[in-house]
Amino acid sequence: MPDWNELIKANLPLPEMTGLREERIIGELSDHLEEHYRRLRAEGKSDSEAVGMVLERMGDWREFVDELLEEEYRHERPKVGVALERVEQTARRRGGFAAAAADTWQDVCHALRILRRNPGFSLTAVATLMLGIGGVIIIFSLINAVLIRPLPFPDSDRLVLMLESTPGGGAMTMSYVNYLDWREENRSFADIGCWNQTEFNLTGQGVPTVVSAVPVTASMFGILGIEPRLGRTFTEAEDRVGGDPVTVLTWGFWQNRLGGNEEVIGSTLTLDGIPNTVIGVMPPTFAFPPEAEAPDLFVPIGQAAPYLGGRTSHPGIFAIGRLSDGVTFEQARADMERVTNAMAAEYPDELEEHGAYLRDLKEFVARRADDPLLQLLAAVGLLLIIACSNVATLLLAQTTSRQSEIALRATLGAGRGRLIRLLLVRSVTLWLAGGILGIVLAAAAVRAAAPLWADLLPRAFSVAIDARAVVVALLLALVTGLLFGLAPALLTAFHDPASILRSGPGPAGGVRRRRLQKTLIVAEVGLAVALLAGTGQMIRSLNRLTGADLGLEPAGVLAGEISLPPMRYQEESTQLAFFSELRERIGALPGIEAAATCRTLPLSGHGWQNGYYIEGEPEPAPGEANWTEANAISADYFAVMSIVLLRGRVISEEDVTDARSVAVVDELFASLHWPDSDPIGRRFSFSFPPSEENLFEIVGVVRHVHARGPIDETRPEVYLPRPAAGTGGGYLVVKSDLLPRQVTDAIREQVQALDPDQPVREIVRLSELARATTRQSRFVTLLLVFFASAALLLTSIGIYGVVSYLTAERRYEIGVRIALGAHRGHVIATVIGQGLRTVLIGGGVGVALAILFGLLLRSQLFAIAAVSPLTVIGAAILMGAVATVAIWIPARRSARVDPSTVLKTM
């Protein structure tokens with residue numbers, strides 16, 4: 001019998017022990033080797049075979065001995081390492097928390113060494129966790145920007161959006177006159193300001209251009225709590241009729257159009273022919289209005305009071321109030337109810353159903369984003385669980401391969417608690433590495449997608465990886481590392497070390513470990529099927545959405561907004577003459593099929609809503625008023641938009657020039673009031689009671705147009721022959737098969753020919769506006785496709801890894817089967833069948849999860865059911881096909897095993 005002590009010294013070069021006793025360690029190892037040798041001899045192995053297998057067993061301990069070497073050769077370590085060791089020793093002598101911290105630090109160092117020695121495992125695991133945690137942080141950064149972080153105004157939680165309520169409980173923009181009374185009569189707000197949006201023609205600065213402007217009250221800047229970067233804002237004296245024409249510039253306009261000239265204060269800009277003095281420049285962080293695109297400048301809204309109409313006019317005005325100190329939102333709501341009731345009593349004809357609609361400003365701005373963001377968070381959460389399960393299966397395999405080392409540690413005195421902590425620290429270190437790289441990945445992705453965020457989100461929301469996102473990432477890594485590392489740690493630490501050291505090649509505790517691995521695979525497959533099914537539903541929904549009938553044909557239609565300055569076009573007749581001449585010029589150009597004008601442009605997001613009354617019908621009860629979209633159009637409008645005439649006739653040129661009181665209604669309007677009769681010849685009015693002076697006769701019925709896109713709820717629509725009446729402008733719409741650039745140049749050329757000082761706002765393709773209405777759905781679908789693809793990839797890798805490990809573990813059994821005559825094809829079929837049984841169980845779990853996930857996505861689906869059996873079955877089949885390939889590869893490799901080679905090592 002060999003001298004085991006000498007064999008150990010020859011094959012496991014131990015260091016000169018200083019803190020450990022060499023004799024005791026060699027003796028423990030020698031006893032285990034001799035026991036293993038005797039067992040092999042008892043099984044019939046020859047002396048040389050038994051010694052060879054014992055030496056193979058000793059190879060499993062080399063990693064542990066390497067650690068002893070690093071521990072003992074302190075004289076070769078740098079001074080920093082020696083100093084750290086002394087700190088550790090001092091901490092251990094003190095005991096308590098200090099000793100625990102020292103032990104934990106030692107475990108971290110050990111974990112880093114293990115990861116460094118297994119680069120393939122480490123890189124795969126860290127990359128998987130980086131993908132899962134990084135995806136969560138990307139979505140969290142969006143949620144943080146939209147739902148958590150306050151708006152960029154001081155004490156923004158005290159800001160309240162204020163609108164007028166409709167009888168049905170909805171909201172509409174305010175009357176300026178009513179705003180003045182609200183501001184004067186309320187007792188709950190420190191102040192109230194209002195604004196709307198408009199455009200001006202800017203001349204005297206080179207080529208005439210259109211600038212976007214926000215008419216705003218002087219009080220608004222103080223309410224928002226933002227000071228100008230240069231100059232000042234408006235005074236109350238300037239914010240009234242007859243005040244000095246002044247303007248405050250936005251940072252972007254000042255930098256991009258005026259070159260950031262510091263001498264801009266006191267200069268003038270000619271807006272619609274009126275010189276306006278520049279009095280201030282706002283800072284770059286001034287995100288107002290919070291929902292709209294950044295304007296070019298601000299002007300006092302009070303100077304335009306005569307053009308804003310009376311109490312029943314609602315020219316797109318929004319109001320914001322800042323709550324007084326100590327006043328709650330509910331108290332303010334009750335106070336405004338008092339104010340509006342008093343106003344309704346004072347002005348019963350105009351304000352009989354008048355009310356106030358109040359909402360937290362941030363909630364209002366984020367109202368369209370909360371549901372999809374939470375749904376995306378749920379989806380990426382499933383991806384994270386898949387990633388963690390995947391790494392947990394890798395940990396099980398990697399930990400099993402190190403069972404001998406762990407058993408040896410236990411034999412040398414390490415308790416189970418110490419071993420569990422050692423393994424958990426390794427797991428948490430791995431997860432934290434994935435979390436840190438996930439933060440880097442998320443930061444890069446957020447920066448790269450900055451143009452996308454600007455296009456999708458209101459500009460008041462700034463998406464960035466801030467300290468909150470970093471803390472969430474690290475906490476997420478810590479918690480998931482503990483949760484998913486606990487099972488492998490417990491499974492390994494509670495094995496009997498003596499049985500492990502006595503056993504030959506192959507892991508101990510196989511049944512429990514295999515059960516846990518299969519459970520993780522079932523979870524991965526189930527979650528992947530749910531993600532695939534949900535993504536499939538979103539793809540189907542998006543196909544329905546993009547193919548939805550809008551009631552018009554946007555292809556080949558271009559539109560340009562033209563705003564005529566009232567100083568040069570004061571009379572309605574001059575406005576009509578300009579647009580009539582422009583239509584004739586454009587329509588006569590080669591390649592132009594038709595040209596028309598309209599007041600509001602479908603799919604632009606803007607509309608013109610009016611209440612109306614049917615002749616001969618009683619006045620609707622409170623809360624049951626009729627509302628419709630209205631559009632003032634010229635002849636040929638329906639031809640340009642390809643809106644189908646169903647009955648009667650369309651608007652004619654004579655209707656426009658003679659200002660006839662006729663109207664064309666859509667099929668929804670007609671079906672609401674005359675479902676079983678002909679609406680032609682019927683009349684309606686926009687005021688009550690209807691009279692001959694304000695009645696419009698219906699002369700035609702056309703297809704209903706989804707003017708705000710296929711998703712948004714739309715009202716009936718009426719079309720009036722008033723393309724520019726009293727508005728000073730509108731849209732020129734052109735249908736052509738020419739290139740967009742050719743049409744754009746032609747429009748600008750003809751406008752300049754009519755009025756050299758008249759600019760045209762950006763000319764857009766109607767097809768682009770139609771595509772923009774599905775922007776949010778496309779974004780959510782794109783992210784879900786990415787998450788589902790990643791889930792499919794990670795799950796297939798997990799299945800491949802587990803099956804590869806299990807078949808490697810069974811290589812002796814497979815070798816014996818082949819040696820006894822088993823066909824290799826039968827071996828492959830057996831392995832695939834066993835693997836697919838686990839996948840099928842996961843698929844069943846996935847079907848149930850897919851139903852729940854479909855219900856969660858219900859608010860994002862268009863014209864389809866929340867759950868589709870075909871989609872769920874398709875997702876399960878796709879997962880099964882990918883899983884079959886992932887199983888087949890290791891199954892085929894296992895069938896190629898050489899029985900003679902395997903049997904020699906048994």
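In this predicted model, helix α29 passes helix α30 in a right-handed crossing. Helix α29 spans residues 824-856 and helix α30 spans residues 869-894. Two packed helices are described by the angle between their axes and the distance between the axes. For α29 and α30, the angle is about 155° and the axes lie 9 Å apart. Because angles over 145 degrees count as roughly antiparallel, α29 is roughly antiparallel to α30.

On the α29 side, the contact is made by Val 827, Ile 828, Val 831, Ile 832, Gly 835, Leu 836, Val 839, Val 847 and Ala 850. Helix α30 contributes Val 872, Ala 883, Thr 884, Ile 887, Trp 888, Ala 891, Arg 892 and Ser 894. By class, the residues of this contact comprise 13 nonpolar, three polar and one charged.

| Residue | Relative accessibility | Class |
|---|---|---|
| Cys 388 | 0% | buried |
| Cys 598 | 0% | buried |
| Ser 165 | 17% | buried |
| Phe 329 | 22% | partly exposed |

Ser 165 belongs to strand β1, which covers residues 159-165. Since buried means under 20% relative accessible area, the value of 17% places Ser 165 in the buried class. Apart from residues up to four places away in sequence, Ser 165 touches Gly 170, Ala 171 and Met 172, and also Glu 353, Gly 355, Ala 356 and Tyr 357.

Phe 329 lies in helix α11, which covers residues 329-346. Its 22% relative accessibility makes Phe 329 partly exposed, as that class runs between 20% and 50%. When neighbours within four places in sequence are set aside, the contacts of Phe 329 are Val 160, Leu 323, Leu 358, Arg 359 and Asp 360. The C-alpha atom of Phe 329 is separated by 9.7 Å from that of Leu 159, although these residues are 170 residues apart along the chain.

As for the cysteines in the table, Cys 388 is buried, and Cys 598 is buried as well. The search of the whole structure for disulfides returns zero.

Totals for the chain complete the account. The secondary structure of the protein chain consists of 31 helices and 23 strands. Of its 906 residues, 49% are buried. Among contacts between residues at least 6 apart in sequence, 80% join residues at least 24 apart.

Note on methods:
Residues numbered from 1 in each chain as written. Predicted model: local features only at pLDDT ≥ 70, side-chain atom pairs only at ≥ 80, totals over all residues. Heavy atoms only, no water. Axes fitted to C-alpha atoms, helices over the stretch in contact; angles between N-to-C directions. Helix = DSSP H or I, 4+ residues; strand = E, 2+ residues; numbered from the N terminus. Parallel < 35°, antiparallel > 145°, perpendicular 65-115°, else oblique. Left-handed = near helix turned anticlockwise from the far one by under 90°. Contact = heavy atoms within 4.5 Å. Nonpolar A, V, L, I, M, F, W, Y, C, P; charged D, E, K, R; others polar. Disulfide = S-S within 2.5 Å. Buried < 20%, exposed > 50% of the residue type's maximum accessible area, 1.4 Å probe, protein only.
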